[in-house]
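Please read the points alongside the sequence and coordinates.

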Amino acid sequence: PCHSIASSQFIKRDPEKQKAIMRRQNIRMYWPHLPLSDALKEYEELKQSQNNACAICKIGLDQDQKRAYIDHDHNTGKVRGILCSHCNSGLGFFKDSLDNLDNAKIYLIQSKA
């Protein structure tokens with residue numbers, strides 16, 4: 001509880017600094033074999049390769065008021081791209097299943113008829 005209180009107070013005092021710390025920790029998680037400076041470079045290069053937009057919906061990552069998420073294959077750990085919060089959650093809800101995504105697409109198509 002003490003850590004939670006201290007952490008929430010830190011976020012209230014300096015939310016931008018907290019976001020930067022969380023982003024660095026997130027980046028380190030996906031490129032642990034690289035020095036932090038190289039991991040940050042990998043992240044920025046990936047973001048630029050996507051034109052600073054979500055790999056799925058193409059909305060600018062800076063326009064998403066929430067975080068940009070590093071998406072990865074849960075079986076291999078391989079980084080796939082950077083997603084906005086909505087697309088990242090969507091993949092999670094569909095359990096990264098192509099069948100579930102295909103069924104959702106068919107459902108949407110049929111519901112428009």
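1. Asp96 is partly exposed, with a relative accessible area of 31%; buried denotes under 20% relative accessible area, exposed over 50%, and partly exposed the range in between (1.4 Å probe, protein chains only). The structure is a predicted model, in which local features need pLDDT of at least 70 and side-chain atom pairs count only at pLDDT 80 or more, whereas totals for chains, interfaces and linings use all residues. Residues are numbered from 1 along each chain as its sequence is written, and side-chain values use heavy atoms, with hydrogens and water left out.

2. Asp96 forms a salt bridge with Arg80, with 3.1 Å between the closest N and O atoms; the term requires a side-chain nitrogen of Lys or Arg within 4 Å of a carboxyl oxygen of Asp or Glu. This pair links distant parts of the chain, since Asp96 belongs to the loop between helix 4 and helix 5 and Arg80 to strand 2, 16 residues apart. Helices (H or I, at least four residues) and strands (E, at least two) are DSSP runs numbered from the N terminus.

3. Arg80 also meets Asp71 in a salt bridge, at 2.7 Å from N to O. Which of the two accessibility classes, buried or partly exposed, applies to Asp71? Asp71 counts as buried because its relative accessibility is 7%, while Arg80, at 41%, counts as partly exposed. Through shared partners, Asp71, Arg80 and Asp96 are joined by salt bridges into one network.

4. The total by this rule is three salt bridges. One of them pairs the side chains of Lys41 and Glu45 at 4.0 Å, N to O. Both residues lie in helix 3, four residues apart, or about one turn of the helix. Glu45 is partly exposed because its relative accessible area is 40%.

5. Strand 1 (residues 69-72) and strand 2 run antiparallel and are joined by four bridges; pairing requires that DSSP finds at least two bridges between two strands. Asp71 stands opposite Gly81 of strand 2. Four of the five residues of strand 2 are buried. The hairpin has six residues between its strands, and in it Gly77 adopts a positive phi near 80 degrees.

6. The largest nonpolar core has 17 residues, of which Ile27, Trp31, Tyr43, Cys54, Ile70, Val79 and Ile82 touch the most other members. Such a core is a set of buried Ala, Val, Leu, Ile, Met, Phe, Trp, Tyr and Cys residues joined through side-chain atoms within 4.5 Å. Helix 2 (15-30), helix 3 (36-49), strand 2 (79-83) and helix 4 each contribute at least two residues to this core. Neighbours within four places in sequence aside, Ile27 is in contact (heavy atoms within 4.5 Å) with Ala39, Leu40, Tyr43 and Ile70.

7. Asn52, in the loop between helix 3 and strand 1, has a positive phi of about 55 degrees. Asn52 counts as partly exposed because its relative accessibility is 24%. Lys95 lies in the loop between helix 4 and helix 5 and has a phi near 60 degrees. Lys95 is exposed, at a relative accessible area of 68%.
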